[in-house]
Amino acid sequence: GATRDASLVPYAERFAAARVHFEASLARVPVTLPALRAQFVLHVGLVEQQAGRPVEAERRIREALTLDPDHPVAWIRLGTLLQAHGARSEALLGGGH
C-alpha cells in the first residue's frame, strides 16, 4: 500500500543500483549457461520484491524458472510471493505448474 511505498523511498536509489548491477551481470552471462542466467534473473526479481513491485518480481522469478525449472530457491520465493499477495492456492500448487 501507500504506507509501504512511502517507507521504501529512502531505499529507492539502492534498489535501482542493485537492479542495474544484476542486469549488467546478466548481460555478461552467455545464453549457453541458463542456470547461471536464472540466478541473476532471480536476484533482479528479489530486488523488485524488496522495492515493493510484486508484479515485476513475479515476472522475473517466473523468468528464472523458465531458465532453470528445478531452481529450488526460485520456487520458494515464487510461493512466498504468491501467498503474500493472496494467491495461496496457486502458491501451494507450485506457482501453477
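Predicted model: local features only at pLDDT ≥ 70, side-chain atom pairs only at ≥ 80, totals over all residues.

Me: What is the average pLDDT of the protein?
Reply: The average is 84. Of the residues, 79% score at least 70.

Me: Which elements have the lowest and highest mean pLDDT?
Reply: Helix α6, residues 88-92, has the lowest, with a mean of 50. Helix α4, residues 54-67, has the highest, at 96.

Me: How many helices and strands are there?
Reply: Six helices and zero strands. From the N terminus, the order reads α-α-α-α-α-α.

Me: OK, burial. What share of the residues is buried?
Reply: Buried residues account for 33% of the 97 in the protein. The protein exposes about 6000 Å², and carbon and sulfur atoms supply 61% of that.

Me: And contacts: what percentage join residues at least 24 apart?
Reply: It's 44%, counted among contacts between residues at least 6 apart in sequence.

Me: Back to α3. How many residues does it have?
Reply: Helix α3 has 17, spanning residues 34-50. It reaches 24 Å from first C-alpha to last, close to the 24 Å expected.

Me: Which residues of α3 are buried?
Reply: R37, A38, V41, L42, V44, G45, L46, V47, E48 and Q49.

Me: Now α2. What span should it have at 1.5 Å a residue?
Reply: Helix α2, residues 12-28, has 17 residues and should span 24 Å. Its end C-alpha atoms are 25 Å apart, so the two agree.

Me: Which residues of α2 are buried?
Reply: F15, F22, S25 and L26 are the buried ones. They cover an arc of only 100° around the axis, so they sit on the same side of α2.

Me: What's on the face turned away from that buried side?
Reply: That face of α2 carries the exposed residues E13, V20, A27 and R28.

Me: Switching to the core. How many residues are in the largest nonpolar core?
Reply: It has 13. Those with the most contacts inside it are L42, I61, A64, L65, A74 and L78. Helices α3, α4 and α5 each give two or more residues to this core. Apart from it lies another core of five residues, among them F22, V44, V47 and A51.

Me: What does L65 contact?
Reply: Leaving aside neighbours within four places in sequence, L65 is in contact with H71, A74, W75 and L78.

Me: Where is H71 found?
Reply: H71 is in the loop between α4 and α5.

Me: Is H71 buried or exposed?
Reply: Buried. Its relative accessible area is 7%, and the cut-off for buried is under 20%. H71 touches Q39, L42 and L65, not counting residues up to four places away in sequence.

Me: Last one: L78. Which helix is it in?
Reply: L78 is in helix α5. At 1% relative accessibility, L78 counts as buried.

Me: How far apart are L78 and L42?
Reply: In sequence, 36 residues. In space, L78 and L42 are 9.9 Å apart, C-alpha to C-alpha.

Note on methods:
Residues numbered from 1 in each chain as written. Heavy atoms only, no water. pLDDT = per-residue confidence, 0-100. Helix = DSSP H or I, 4+ residues; strand = E, 2+ residues; numbered from the N terminus. Expected span 1.5 Å × (residues − 1). Buried < 20%, exposed > 50% of the residue type's maximum accessible area, 1.4 Å probe, protein only. Contact = heavy atoms within 4.5 Å. Areas by Shrake-Rupley, 256 points an atom, 1.4 Å probe, with all protein chains shown as cover. Core = buried A, V, L, I, M, F, W, Y, C linked by side-chain atoms within 4.5 Å. Arc of directions from axis to C-beta.
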